[in-house]
Amino acid sequence: MEASKSIAHEIGGIQNDALRFGLNGVKSDIVGCHPLEIAYGTTLKSKEDMKRQILANTYGSALPLKMDLDKQILSKFRRPPGAIPSTFLGLEAATGDMEDFGFESYLNDPRESETFVPVDMHHGMEVRLDLSKGPACKSFM
């Protein structure tokens with residue numbers, strides 16, 4: 001579940017477009033993950049594996065496989081990039097994440113801050129359709 005925290009840098013490629021993507025930094029190459037973030041990720045993975053094993057022992061091995069297929073199908077549903085973000089409500093209901101009380105429940109949504117740069121809808125669709133490279137929005141860098 002641990003994801004790499006580095007951004008691939010291309011020399012002379014479209015990633016070096018400073019006007020579109022902003023200035024590149026090397027902090028992501030130097031600074032690793034926080035130890036608590038790693039521990040939290042392994043704890044979530046072990047809880048999920050234990051839940052899958054309990055479901056497999058109780059209802060048979062077909063139920064965890066069906067749940068994985070449902071997760072894959074529901075995670076692919078997305079809105080086009082623009083003003084309304086994808087909420088993945090069906091995925092949250094299937095995985096049981098609707099009961100989680102995250103920071104966005106009691107703090108402000110990051111999309112409502114003054115420093116948030118809205119997504120360029122045309123560039124976002126180009127990135128999704130693999131017609132262009134780079135992040136869909138400068139705020140994701």
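**Note on the predicted model**

Asp 97 is partly exposed, with a relative accessible area of 39% (partly exposed lies between buried, under 20%, and exposed, over 50%; 1.4 Å probe, protein chains only). This is a predicted model: local features need pLDDT of at least 70, side-chain atom pairs count only at pLDDT 80 or more, and totals for chains, interfaces and linings use all residues. Numbering runs from 1 along each chain as its sequence is written, and side-chain values use heavy atoms, without hydrogens and water.

1. Confidence. Mean pLDDT (the predictor's confidence in each residue, from 0 to 100) is 77 for the chain, and 72% of the residues score at least 70. Helices are DSSP runs of H or I, at least four residues, numbered from the N terminus. Where pLDDT is low, the predicted coordinates should not be read in detail.

2. Acidic patch. Asp 97 sits in the loop between α5 (89-95) and α6 (103-106). With Glu 92, Glu 99 and Asp 100, Asp 97 forms a surface patch of negative charge. Patch residues have over 30% relative accessible area and no salt bridge, and like charges are joined within 9 Å. A salt bridge is a Lys or Arg side-chain nitrogen within 4 Å of an Asp or Glu carboxyl oxygen.

3. Phe 88. Check the backbone here. Phi is near 55°, positive in a residue other than glycine. Most residues other than glycine have a negative phi. Phe 88 lies in the loop between α4 (62-76) and α5. Phe 88 is partly exposed, at 24% relative accessible area.

4. Asp 130. Phi is positive again, about 60°, and Asp 130 is not a glycine. Asp 130 belongs to the segment after α7 (121-128). Asp 130 is exposed, at 67%.

Conventions: Patches are made of residues with over 30% relative accessible area and no salt bridge: like charges are joined within 9 Å, nonpolar side chains (Val, Leu, Ile, Met, Phe, Trp, Tyr) within 5 Å. Accessible areas come from the Shrake-Rupley method with a 1.4 Å probe; for residues, only the protein chains shown count as cover. Lys and Arg count as positive and Asp and Glu as negative; His and the chain ends are not counted. The place of a charge is taken as NZ of Lys, CZ of Arg, CG of Asp or CD of Glu. Helices (H or I, at least four residues) and strands (E, at least two) are DSSP runs, numbered from the N terminus.
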